[in-house]
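Work through the following exercises with the sequence and the model open beside you, and try each task before reading its solution.

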Amino acid sequence: MQEENKELEYCIKESMRYALALDHEKKTSQRKFSNRSDRVKAVDFHPTEPWLLAALYNGNALIWNHETQNLVKTFEVTDLPVRAAKFIARKSWLVAGSDDMHIRVFNYQTHEKVAAFEAHSDYIRHIAVHPTQPFILSTSDDMLIKLWDWDKGWRCVMVFEGHTHFVMQAVFNPKDLNTFASASLDKTIKVWSLGSNVPNYTLEGHEKGVNCVDYYHGGDKPYLVSGADDKTVKVWDYQNKTCVQTLEGHLQNVTVAAFHPELPIIISGSEDERVWAVGYLKGVNDVALGFDDGSIIIKMGREEPAVSMDNSGKLIWARHNEIRSANLKASTDENFKDGERIALQMKELGSCEVYPQTLQHSPNGRFVVVCGDGEWIIYTAIAWRNKEFGSALEFVWALDSNEYAIRESSSRIRLFKNFKEKTNVSVKPSYSAEGIFGGALLGVRSNSFLNFYDWETGVCVRRVDVVAKSVFWSESELVAIACEDTTYVLKFHRVTFQQILERSGPSAISEEGIEEAFEFVAEVSDAPVYLLGYIPRDNRIYVTDKDMKVFAYSLPLSLIEYQTNILRGDLEMAKKILPSVPTDQLNRIARFLEAQNMKEEALAVSTDPEHRFDLAIQLHKLDLAETIATELDIEEKWKTVGDAALAAWKAKDLEGLLLMYQASGNADGISDLAEMATEKGKHNIAFICYMMLGSVDKAIEVLLTTERTAEAALLARTFAPSHIPRVTKIWKEDLAKAGKKKISDSIADSESYENLFPDIKYGLMLESIANARKNEKKMLARDYLELKELADFDFVAELKSKFPNGPPGEVPAAPLANGDSKVVNGSAAEAEADFKELMSYAPDGAEAEDAIADEGEADEDDDEDFEAEFD
């Protein structure tokens, strides 16, 4: 009983401290969410979503996202006040009770009304949801408590009678879900069982009506807390059925009172603060409060667990003021996977006189320091006996377990050895010391930098311009400085520091320290968990989350040394260390090397076929990729190899592409190949592609680019007479430059010597019309047999026989720079009409062309589908 009273006194002390802190939010709490609305009569946290449910006096229920501060959903429940509302997350429901005596159930995902029924004959005051069964409890001004089963169509399966006034609240016992407690304005608290409609017993002690009741969540202590119109909060032992403490201080009726599920505090509010509702969520420190003009959420304290691990794997952590321990060596299996949760075998170690905010083993594991409430206590780790204590804001150990430091204020830091204060060494910062860190050196943090001090002399070793959150030392003089978003790894050169110290003397070293004392090693990202420590014996790093779930990751020392040398650029040393790295860590090294863009080295180290395949593809080692794909025999890998090989082939084997595109009739592919061949200087392939496409003008340009002007002139004379003047001029200039003026002068062009170019006007006309028709309809290879007679048809002769005095209509001149043609006489329509008339003299092949052209667009679509499928 003495131990229970001690814990209760401690809990009450903490409650009063936190109550005072609420008036000074910046000290122990932080407002996370705030909104304005009508009077809030009930609040509830969603267990998985970042949502807060608020029931309003105006008849609405609102769901807020307390991370984004946005209103998520609105439910117009009724026109009268809604005094009770709860989430039923496992059904995606919210249930609300109002002054119209109805209970309504909504699906908060679809806004669908699931159920609505008259539940009481007077105002509904409160609703409690059973954690595991399909039950809710409702309390009312009709003095009844009712149990509803939603699996039975929301049938009332039990009515609890016994109160003689309004029933204000009912809560389930978290340690015994078959019992619950109720608070009533008849001045009593009653405890019930779900199987009986009469109370098990009644707790009496309040002088006026009781408005609220809640169960204690921590430990095994059988506590209830209640608040009443007599302005008091009472704590009850429901096993002994006695009031063990009365808390006074409120000036008006107490409207809410609750035990926080994570912190050792009691939360209470009254009408003088206009507080009408309180809500909390197990696992977090947040508290929601409902007021006359809205609701707020306050984050109290910190959520980082108070836990420590020594070098042998002994774990100690605090649950409220109870201390527990576990041995990782006895809890782990050598074959468990990285990231797998460890099943801990816990045992009670003892209790602590202060609320533990931090726990920290000494380096040798013999002692544990507990810090909290501005006090520190050193306990022996095995027997949990008090060894030393004092007052301070922070406590840190040196590497020597007999040496430690405390920060009493922002201007005073004291150093101790063998539990006695050092008198010959002091650290007196000229700046505001906001925090200290232990390890090989004493770290002192300001708002903008971190200073490291020597434990033996108190001299500043080096200033680092970062805002540090934590500092971690290794056994090899490496230090990790964890900041908000980044962690910096530095190496401390102790010998260099000592040499400069001996040469210059302590007085010559300023608070900036010695620049050569530290060397930058790396910058890494932070992990979203809390580091417990590294045990070289196990080659494992241990971490925990805020729920005390402990995880282990393999991290051999040789792996750390190898990665450190890679980051330093010492590849020779890394190569020597590599054989000592366990084979199961080689893939981790390969991933690390790949991240450093050392893909060749990663491929040489990796043993994972999937990773080796990816690296081989990235390095264009297609033979190796093919070998790995053969071993894996996965269709996706073969496709990847094929795509990579085709991409490499397309970039090199232009002759093969020409054959493939020509065989498949892929005009677009041939066009792309022509451009690719031009870029790569494969002019012969580009020339063939343009000729196959009928782009004689581009073929002429290829010949001119390669200084084959004579061939360009002959090609123009044969297929593109409009280009004769320009190409002939270039040819003559090239001959003149080469000293062959006589030959140059002997060459005639069609403009100056038209008489030497018989039928040139007929040729220009036919070229113009042929170019126009070429864009309308492409001739298909499969139609060759039907069109081959056209190849021998002499259009010029037929044109001359019909128009012996010259071609009719206009004759387009050479193409302009923009691709247009200059009209000389007549119109293009007249010329094409003349051409069509001329075509009537053509043999049957020409008629076949017209018939083929009339087949419609279907054939073209089929050919496009064929080409697409071939590609």
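**Exercise 1.** In which helix do arginine 591 and glutamate 594 both lie, and how many residues apart are they?

*Solution.* The model is a predicted one, in which local features need pLDDT of at least 70 and side-chain atom pairs count only at pLDDT 80 or more, while totals for chains, interfaces and linings use all residues. Residues are numbered from 1 along each chain as its sequence is written, and side-chain values use heavy atoms, with hydrogens and water left out.

Begin with the helix: both residues belong to H7 (residues 586-595), three residues apart, which is about one turn of the helix. Helices here are DSSP runs of H or I with at least four residues, strands are runs of E with at least two, and both are numbered from the N terminus. An α-helix has 3.6 residues a turn, so residues three or four places apart point the same way.

Next, consider the side chains: arginine 591 forms a salt bridge with glutamate 594, the closest N and O atoms being 3.9 Å apart, where the rule asks for a side-chain nitrogen of Lys or Arg within 4 Å of a carboxyl oxygen of Asp or Glu.

**Exercise 2.** Is glutamate 348 buried or exposed?

*Solution.* Recall the cut-offs: buried means under 20% relative accessible area, exposed over 50%, and partly exposed in between (1.4 Å probe, protein chains only). Glutamate 348 has 53% relative accessibility and therefore counts as exposed. Its side chain meets that of arginine 324 in a salt bridge (3.3 Å, N to O). This pair links distant parts of the chain, with glutamate 348 in strand S30 and arginine 324 in strand S29, 24 residues apart.
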